[in-house]
Amino acid sequence: MSPDEQFAADLRDQVTRVAPTIAVDVTRVVPAARRRRVARAGGLTLAVALAAGGGTWAATGLTPRDTALPGGAATVVVSSPSPTPSGPPATSPEGDRLVDEPGNPVDGAVVPPADWRDASYLHVVVRASGGKEGEDGPDTPLRIERWYGDGVSFEHTASGPVPANLGPYLGMEGEQPISLTWAEVAALPTEPAALHDALVGTYESTGVAQDAALLAAGRLLTDTPAPPDVRAAAWELLTSSPRVEVTAGVEDSEGREGTAATYVLFDRTTTLVYDEAGNRPLQLESAIGKMHSVDVYLTNELAQLPEAVADAVPTVPDLVAGTVDDAAVACAREELTCLAVDVPSDTVPPGAVVATEPAAGALVDRGSVVTLHVSTGP
Amino acid sequence: MPMVAGRSSPDRVDAVDVVVGAGAPAEKEAEFAAFMARSAPALARTAWLLCGDAHQAEELVQQALIKTYLAWPRARQGEPLAYARRVLANLRIDGWRRRRRELLVAPDALPDVVEGGPSAAERHAERDRLVRALLTLPARQRRIVVLRHLEGLPAQEVADTLGVSLGTVKSTASRGLARLRGVLQAPDTTTDERSGS
């Protein structure tokens, strides 16, 4: 074996030894592919393709996982998401691109708290741009808009708001995970040393605790509904770390003045520009190797969820006791797909919906499947 | 069972009716699901070697699988894993820009190792060093080195996967490997030799 071959073989052994086990969530693959196909085909083309028979394949893409299809007894009703005649524009008013897919999709359905429409949310609007040194020019910036809530959160996509998996706040994995609810974030200490202990007090005082403290303080400032005095403590905690370089009197890319905190965490160098007087983040810059990104915070404040946003989140309609016909129409209106499955029933007349999965009121991703249990009689 | 659906639907609703039997399409669906389950770990490892980040790797694999699904009738004609790997290796790594929920994985969260073996922290450091070394290679070179040497694919398959000539694969793989070795074997700042002599 040549030295080169030997080195390559050693490398392969090393990879086997140290490569992390990455659990890939594949549950979103088929729905996402289907949405892409629908978007590409457009409403009418889709209908033609489906009618021509090629669609049976596309249609089975709608079959949700874990749905047992009794042989021959299932009918799939495809209601194609409306091809955006009156839908939202694909770009923001500033001309920024909107995301096609939610960055943090929910797994299945979310049953929101009863008062979700009237609750407070952390409203964050970010203009994200970046790229890789030496590859292509900069793309149009991406607009990311999120509503971080207590029990349910939302993200905007090009086709409207969808529920998003943004909690728990400060989610950290490991043997000493940090996981805080909305209420716990609000109740964090407002004094830096106490805040430090509340976040990483259980960590041994090693580099890991330092890493965790930096990560947690940074995320408290940008991604959590922390009250102003908690933010102020988090900023002080961050900037007092010996690993953080602080530069006062800098401007972000929008020309807003703030103070910059620069630190290296794992493989990335991060610079957070913060408005100390207003206690709000202005800009987050990160670099990993030759890759570089800038997130400008256009908005980062507590706010009520606008009614129009709440109304546009796909919600499972109440379909029980109605016909499959009615259900297909109601689902299409919410841009959902319904799948009918026959069930015997002593109490519900044949052809009527006995129950739905998820149940009425659940918030789901656009294009999700609602399974109708349709009575075949006793 | 006969089909039912909303022909008389309001104008905004554009309902389409399809009857799906439990026959061939379901089998295809199951076939793709089985393929995903089988190939995701291998694809994730390749993706991780290419980008050095577990979250980004997951995203890359998901994107590659979406594209593979859309081309499934074609992909399944040959070796679907090779097809998916080709898609993966040619994806522009721009998904990382979409910042995701960041999760801190502390070194002590890594699986335990057998007694006497390297500690979790040591392995973490080794992993870190490997990733950093790979990231010093230009993207094109890294793709070739990863597929040829770290995944151990035959040079011809790498050439087919990336759509470059066999000669390019051979020369680039060799140069890239030399560079990687240079980076990985660079003397540490704390060598014993200095203090020893």
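Chain A of this predicted model exposes about 16,100 Å², and carbon and sulfur atoms supply 53% of that area. Accessible areas here come from the Shrake-Rupley method with a 1.4 Å probe, and for residues only the protein chains shown count as cover. As for conventions, residues are numbered from 1 along each chain as its sequence is written, and chains are lettered from A and ligands numbered from 1 in the order in which they are written. Since the model is predicted, local features need pLDDT of at least 70 and side-chain atom pairs count only at pLDDT 80 or more, while totals for chains, interfaces and linings use all residues; side-chain values use heavy atoms, with hydrogens and water left out.

Confidence comes next. The pLDDT, which is the predictor's confidence in each residue on a scale from 0 to 100, averages 78 in chain A, where 78% of the residues score at least 70. Residues 39-89 of chain A stay under 50, and the model has 105 contacts beyond four places in sequence for this stretch; a contact means heavy atoms within 4.5 Å. Chain B averages 71, with 68% of its residues scoring at least 70. Two stretches of chain B fall below 50: residues 93-115, with 71 contacts beyond near neighbours in sequence, and residues 189-197, with two such contacts. Where pLDDT is low, the predicted coordinates should not be read in detail.

On to the fold. Chain A has nine helices and 14 strands, whereas chain B has nine helices and one strand. Helices (H or I, at least four residues) and strands (E, at least two) are DSSP runs, numbered from the N terminus. Read from the N terminus, the elements of chain B go β-α-α-α-α-α-α-α-α-α. Buried residues account for 53% of the 378 residues in chain A and 45% of the 197 in chain B. Buried stands for under 20% relative accessible area, exposed for over 50%, and partly exposed for anything in between (1.4 Å probe, protein chains only). Taking contacts between residues at least 6 apart in sequence, 63% of those in chain A join residues at least 24 apart, and in chain B the share is 61%.

The largest nonpolar core has 50 residues, and those with the most contacts inside it are Leu11(A), Phe32(B), Trp48(B), Leu130(B), Leu134(B) and Leu180(B). Helix H1 (residues 24-51) of chain B provides the largest share of this core, at 11 residues. A nonpolar core is a set of buried Ala, Val, Leu, Ile, Met, Phe, Trp, Tyr and Cys residues joined through side-chain atoms within 4.5 Å. Setting aside neighbours within four places in sequence, Phe32(B) touches Val29(A) and Val30(A), and also Leu65(B), Thr68(B), Tyr69(B) and Trp72(B). A second, separate core of 46 residues includes Leu142(A), Leu166(A), Leu237(A) and Leu272(A). In soluble globular proteins, nonpolar side chains tend to be buried together.

Leu272(A) turns up again among the contacts of Thr222(A), along with Val124(A), Pro281(A), Tyr297(A) and Asn300(A), once neighbours within four places are left aside. Thr222(A) sits in helix H6 (residues 207-223) of chain A and, at 3% relative accessibility, counts as buried.

Now for charged pairs. Over all chains the count is 13 salt bridges, each a side-chain nitrogen of Lys or Arg within 4 Å of a carboxyl oxygen of Asp or Glu. In chain A, Arg143(A) pairs with Glu145(A) at 3.0 Å, N to O. Both partners are out of the way: Arg143(A) is buried at 15% relative accessible area, and Glu145(A) is buried at 11%.

In chain B, Glu157(B) forms a salt bridge with Arg85(B), the closest N and O atoms being 3.4 Å apart. Glu157(B) lies in helix H7 (residues 155-162) and Arg85(B) in helix H4 (residues 80-90), so the pair ties together parts that are 72 residues apart in sequence. Glu157(B) is partly exposed at 29% relative accessibility, while Arg85(B) is buried at 12%.

A further bridge joins Arg132(B) to Asp128(B), with the closest N and O atoms 2.8 Å apart. Both residues lie in helix H5 (residues 120-135) of chain B, four residues apart, about one turn of the helix. Arg132(B) is partly exposed at 43%, and Asp128(B) is partly exposed at 30%.
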